[in-house]
Amino acid sequence: MNRSEIVSRYRDGRRRSRRIFDIPRPEHYYDRPIKLRNPIVFYEGHLPAFNVNTIIKRGLGRDGVDADYELLFERGIDPQDEGGVKSPTDFWPSRQKVQAYGDAADRLIEDALLTAEIDDDYIFTLIEHEFMHQETLLYMMHNMPYENKIEAAPWKAAPPAHPERGREPRRIRIPAGRATLGGAAGAFGWDNEFPAHALDVPAFTIDRDNVTNGEYLEYMNATDAEPPHFWHRQDGRWLYRGMFDLVPLPLDSPVYASYEEAEGFAKWKGQRLPGEPEYHRAAFGTPSGEERAFPWGDEPADRSRGNFAFANWDPVPVGSYPAGASAWGVHDLIGNGWEWTSTPFDGFPGFEPMRTYPVYSSDFFDGQHHVIKGASPATGLPLIRRSFRNWFRPNYPYLYATFRCAS
């Protein structure tokens with residue numbers, strides 16, 4: 001990209017974030033929709049503060065806009081439970097002041113992007129960080145009472161195909177083979193994506209589709225397990241808590257569940273969750289032994305391949321994007337919900353912290369987070385690549401994460 005294209009992409013990301021911050025009604029700007037996270041106001045300040053701290057201060061060695069704000073909004077929180085929540089302040093600035101700071105930060109950043117010598121890694125760190133927070137912000141907005149937010153239409157509506165599935169095998173045998181994890185040297189990625197390395201993966205069997213709400217309902221009825229966070233009981237029937245409306249529980253859509261809930265279901269079925277190498281083998285491997293950039297091949301992601309990039313606010317029925325299936329016939333490995341794996345989040349052998357954001361990953365190498373792969377409806381296109389890794393605590397119920405079983 002040339003300089004003007006970089007600034008254009010930066011502005012697009014900032015505009016999308018502002019649209020998200022307009023979802024809560026103004027009187028709920030200081031709400032904490034997820035008690036394990038900071039209030040909404042923090043994140044509107046965090047995004048420009050992160051940009052200033054990363055490019056202006058760390059990358060160029062210059063002064064920022066407001067040192068107090070750049071400290072206050074520097075980092076979020078990730079406590080084990082609500083008892084570990086520590087707010088950085090008891091008195092948050094007004095939204096007018098936060099937005100004025102953001103405008104000043106944007107002017108400073110855009111000037112630097114146009115005129116300064118900036119390493120590409122800093123630029124892509126800014127762009128992708130914005131996308132990451134757009135998704136986590138939507139988790140927060142999803143958790144708000146409907147009367148506290150203003151409905152917005154999806155940004156790239158993509159009607160699913162709803163194909164006939166009857167003759168396809170429901171469980172798929174993946175033969176032993178190699179799986180390459182990690183990104184190629186020289187390409188941009190976050191530090192936990194490197195270095196690339198190949199692993200031998202024994203043969204295994206994996207579900208063609210993610211576990212659906214209907215299947216999870218059977219598990220609940222058989223075991224008295226608790227309902228997932230996105231379900232709501234009303235007048236004796238189960239509903240799904242969509243972004244902007246309660247709807248009858250879509251039995252053929254993937255269940256969004258925590259790792260603990262996913263693991264419980266898999267054990268009930270006499271199976272287990274796949275490991276990260278098995279996910280890679282099922283998603284990117286082929287019978288010929290070659291590996292693909294995406295499950296469907298090497299063509300770039302587009303709206304025919306899956307439910308991602310803000311195509312829909314909520315999940316759609318499993319198997320709705322047959323053009324996104326892997327070489328083995330496994331569906332929805334990217335899109336419609338992140339995929340829980342049994343792999344604890346850690347650095348690959350030879351891990352080195354990234355210079356643009358040195359504490360991005362290492363603080364979470366604690367054995368208390370699990371790797372999730374793929375993408376959700378709210379995952380931006382720049383984050384859809386084979387090497388990208390996400391992670392969350394096993395008891396965290398708010399994210400758009402589903403699962404499938406393996407054995």
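**Figure 1. Strands E8 and E9 run antiparallel.** Strand E8 covers residues 337-344 and is joined to E9 by 5 bridges. This is a predicted model: local features need pLDDT of at least 70, side-chain atom pairs count only at pLDDT 80 or more, and totals for chains, interfaces and linings use all residues. Residues are numbered from 1 along each chain as its sequence is written, and side-chain values use heavy atoms, with hydrogens and water left out. Strands (E, at least two residues) and helices (H or I, at least four) are DSSP runs, numbered from the N terminus. Two strands pair if DSSP finds at least two bridges between them. Find Trp340: it stands opposite Ile372 in E9. Then find Glu339, whose bridge partner in E9 is Lys373. E9 is mostly covered, with 6 of its 6 residues buried. Buried means under 20% relative accessible area, exposed means over 50%, and partly exposed lies in between (1.4 Å probe, protein chains only).

**Figure 2. Strands E10, E9, E8 and E11 form an open sheet.** The sheet has 4 strands, in the order E10-E9-E8-E11, and its pairing is mixed. E10 and E11 stand at the edges with a single partner strand each, so one side of each has no neighbour in the sheet. E9 and E10 run antiparallel and are joined by 3 bridges. His370 has Phe392 in E10 as its bridge partner. Strands of a sheet pair through backbone hydrogen bonds, either parallel or antiparallel.

**Figure 3. Arg404 is a buried residue.** Arg404 sits in the segment after strand E11 (401-402). How accessible is Arg404? Its relative accessible area is 1%, so it counts as buried. A polar contact of 2.7 Å joins its side chain to that of Glu339. A polar contact is a pair of N or O atoms within 3.5 Å; within protein, one must be able to donate a hydrogen and the other to accept it, and residues adjacent in sequence count only if both atoms are side-chain atoms. A polar atom of the Arg404 side chain also lies 3.2 Å from the backbone oxygen of Asp207.

**Figure 4. Strands E5 and E6 form a hairpin.** E5 (residues 231-234) and E6 (residues 237-241) pair in the antiparallel sense over 4 bridges. His232 stands opposite Leu239 in E6. The hairpin has 2 residues between its strands. Asp235, in the turn, has a positive phi of about 55 degrees.

**Figure 5. Helix H5 is largely enclosed.** H5 has 23 residues and reaches 34 Å from its first C-alpha to its last. That is close to the 33 Å expected at 1.5 Å a residue. The expected span is 1.5 Å times one less than the number of residues. Of the 23 residues, 19 are buried, so the rest of the structure largely encloses H5. At the start of the helix, a side-chain oxygen of Asp119 comes within 2.7 Å of the backbone nitrogen of Asp121.

Figure 6. On a 1 Å grid over the protein atoms alone, a pocket is an open set of points with protein on both sides within 12 Å along at least five of seven lines, a cavity is a set where a 1.4 Å probe fits but cannot get out, and lining residues have an atom within 4 Å of a point. Grid points are joined across faces, edges and corners, and a volume is the space filled by probe spheres set on the points. Of the 30 lining residues, Arg37, His133, Thr136, Phe364 and Trp391 lie nearest the centre. By class, the lining has 16 nonpolar, 7 polar and 7 charged residues. Ala, Val, Leu, Ile, Met, Phe, Trp, Tyr, Cys and Pro count as nonpolar, Asp, Glu, Lys and Arg as charged, and the others, Gly among them, as polar.

**Figure 7. The structure holds 2 cavities of 30 Å³ or more.** The largest cavity has a volume of about 50 Å³. Its lining includes Tyr279, Phe284, Lys373 and Arg385. Helix H8 (276-284) and strand E9 (370-375) each supply at least two lining residues. The second largest cavity has a volume of about 30 Å³. Leu138, Asn312, Trp313, Pro377, Ala378 and Tyr400 line it. That lining has 5 nonpolar residues, 1 polar and no charged.
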